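Welcome! Here is a short tour for anyone meeting this structure for the first time. Please take a look at the model before reading on.

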Amino acid sequence: MLYMNFVHNLALLVALCAIAGYVVSRWRLAGYVPWVQGVSFGTAAAAAIMTALQLAPGIIFDGRSVVLSLCGLLFGPLPALLAGIIAVAARLALGGSGALTGILVISASVSIGIATRQFFLRKRREPSTGLLLGLGFVVHAAMLALMLTLPNGTGQDIIRQIALPVLLTYPLATVLIGRILSDQRALRYSIKLAEQQRNELATTLYSIGDAVVTTDAAGRVKRMNAIAEKLTGWYEAEACGRAASEVLNFVDEHSRKTTENPIYKSLRGEGVVELSSDSVLVSRDGSERPISDSAAPIKTVGGKIDGIVLVFRDQTEKRGRQESLRLSEARFRLLVESAPDAIFVQTEQKFRFVNNACLKLFGAESPGQLLGTPVLERFHPDIRAQVQQRIATLNEKREAVGLLEEMLLRLDGREAPAEVAAVPIQYEGKDGAMVFARDISQRRAAEAALRDQELRHLRQRNALMDFANSDFLDTAAIGGVFEQITRIASETLSVGRAGIWLYSEGQQTLECACLYESSKGAYSNGMALGLADYPAYFQSLKNKIVVAASQARTDAATSEFRDSYLIPLGITSMLDAPIFVQGDAVGVIRRFKV
């Protein structure tokens, strides 16, 4: 009969604790949670006292020890002390000879529960079954020991009467009630954690800079963030529950055919799926935007697909930048390709790009003859060490190289003088240089011709000075003087013919006083040129100090002689200078290159 009474009493206690736990979970006012916990479990303990089993006048047994020890273990000092105070008040109100012992049991239960929490529950959120069972034995062993404080020596009799039922049932009740309360707390914690995670995910979803749409396993929209609303033209409230194909309309921008939604591909088990780069998103209002996106499955712990998350981004600005870059690159390439100077790019000391002028400079017929070949091979061996050092300056130190004259080598081995400069660049992700080279072979030839001409003029001047200072002028006839002058002019200027022509009365004609032909070594005279036949030439002599015609057959001043004089005699250029006597032009000294 005693065992049944204990079982009934403990069953009521389980119900009371479950109710207390429910109240604690529902009434969670900020800052008042410990008070609610203490009052709830104190009330449960008081109810247990009021419905206790009475063994003798003023001596009762109930489950307050279970309630209070678990309150101290699970909720800490403040709730346990508050519950203990309520339980003490209830026991004092009931009175009787066992009141003091009851208060000591209350104190012991609270203290043991708090101590167990401090020493055994610091690193664990929830107690184990073993810990609960141990707590039950210790608390009720202490309760039985406190029975010795009962008056009139009744404690030993009471201990003999209840020790076995108490030690058999109360620890088990502690485990049962402790597990119920612990599971309630774990459930509340899991719910709270899930809510936090859901809130964090929602915050992430709505804060992310890309458009995000999530669907269920059937492909129906569940969530959309603000960016997705803007791009699709659908509000989240309107889109939720609708098929993804209705909200997300993709078409090929070229063929205008509908593109399969990547959400459905991912739902079929194709994993992460990306949309074709030629696809555009057609908004609800009909506007179109190029986008990039990817759809990925949302899987349960067991690996089952529970939905899809689609992340996409408006590519309008990026497409615009890419198109601008493409046009800029095309314009730059056109400028480089059509540049009159040779331009090439080197990385790793090899040709990577060459323009048309570069092909011409090196004598190549196609870019393939140069691309991938070592740059140093196209420089003269005498300067390759210096070129190697300059390439290191460009590629490693990233410093430009100023304009230098260097000797390049064509593919056929011929030398090609050029002015070369270079600036460091990155090409196809590698450090290198853009090199500019200007062919200066014509300039060098012109400079050499100018130097040769100056040298001939110097020889002529010296020869004429020597002739002027010689005794020949004092003794020779005028014809002999003319012969000497024309011969000196022909030899020092390296021209085939040189002659002295004198004006007639009124300057209507020019008559040849002496003509020297170096190829024959002979002199002649007597020929005449009339103003009426050659008016442009005579006008040029009148207007100009010197008539210099490097292309005599086409020059405006000398082309009149083309058919009658220049072509028959093989003359290509002319240099005519007037002869002055006392300030008046009396004739012309003419030099012809044959």
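**The five-stranded sheet**

Five strands form an open sheet in the order β11-β10-β14-β13-β12, paired in the antiparallel sense. At its edges are β11 and β12 (401–409), each of which pairs on one side only. Helices and strands here are DSSP runs, numbered from the N terminus: helices are H or I with at least four residues, and strands are E with at least two. Two strands pair if DSSP finds at least two bridges between them.

This is a predicted model, in which local features need a pLDDT of at least 70 and side-chain atom pairs count only at pLDDT 80 or more, while totals for chains, interfaces and linings use all residues. Residues are numbered from 1 along each chain as its sequence is written, and side-chain values use heavy atoms, with hydrogens and water left out.

- Six bridges link strand β10 (residues 342–347) with strand β14 (residues 430–439), an antiparallel pair.
- Across from valine 345 stands methionine 434 in β14.
- Helix α12 (residues 316–338) packs on the sheet and touches β10, β11 and β14; its direction makes about 105 degrees with that of β11.
- Helix α14 (residues 384–395) lies across β10, β12, β13 (415–427) and β14, and runs at about 140 degrees to β12.
- For these angles, axes are lines fitted to C-alpha atoms, for helices over the stretch in contact, and angles run from 0 to 180 degrees between N-to-C directions.

**A hairpin**

- Strands β3 (residues 211–216) and β4 (residues 221–224) run antiparallel, joined by three bridges.
- Valine 213 has methionine 224 in β4 as its bridge partner.
- Four residues lie between the strands of this hairpin, where glycine 219 takes a positive phi near 85 degrees.

**Helices packed around α3**

- Helix α2 (residues 33–50) packs with helix α3 (residues 64–75) at about 165 degrees, their axes 8 Å apart. That makes α2 roughly antiparallel to α3 (angles under 35 degrees count as roughly parallel, over 145 as roughly antiparallel, 65 to 115 as roughly perpendicular and the rest as oblique).
- Gln37, Phe41, Ala44, Ala45, Ala48 and Ile49 in α2 are in contact (heavy atoms within 4.5 Å) with Arg64, Val67, Leu68, Cys71 and Phe75 in α3. The residues of this contact are nine nonpolar, one polar and one charged. Ala, Val, Leu, Ile, Met, Phe, Trp, Tyr, Cys and Pro count as nonpolar, Asp, Glu, Lys and Arg as charged, and the others, Gly among them, as polar.
- The axes of α3 and helix α5 (residues 99–120) cross at roughly 30 degrees and come within 7 Å. That makes α3 roughly parallel to α5. Their contact has eight nonpolar, seven polar and two charged residues.
- With helix α6 (residues 129–146), α3 crosses at roughly 130 degrees, the axes coming within 10 Å. The two helices, α3 and α6, are therefore oblique to each other. Ser65, Val66, Ser69, Leu70 and Leu73 of α3 make the contact with Leu131, Leu132, Leu135, Val139, His140 and Met143 of α6. Eight of the residues in this contact are nonpolar, three are polar and none is charged.

**Confidence**

- The chain averages a pLDDT (the predictor's confidence in each residue, from 0 to 100) of 81, and 89% of the residues score at least 70.
- Confidence is highest in strand β11 (residues 350–354), at 90, and lowest in helix α16 (residues 472–475), at a mean of 52.
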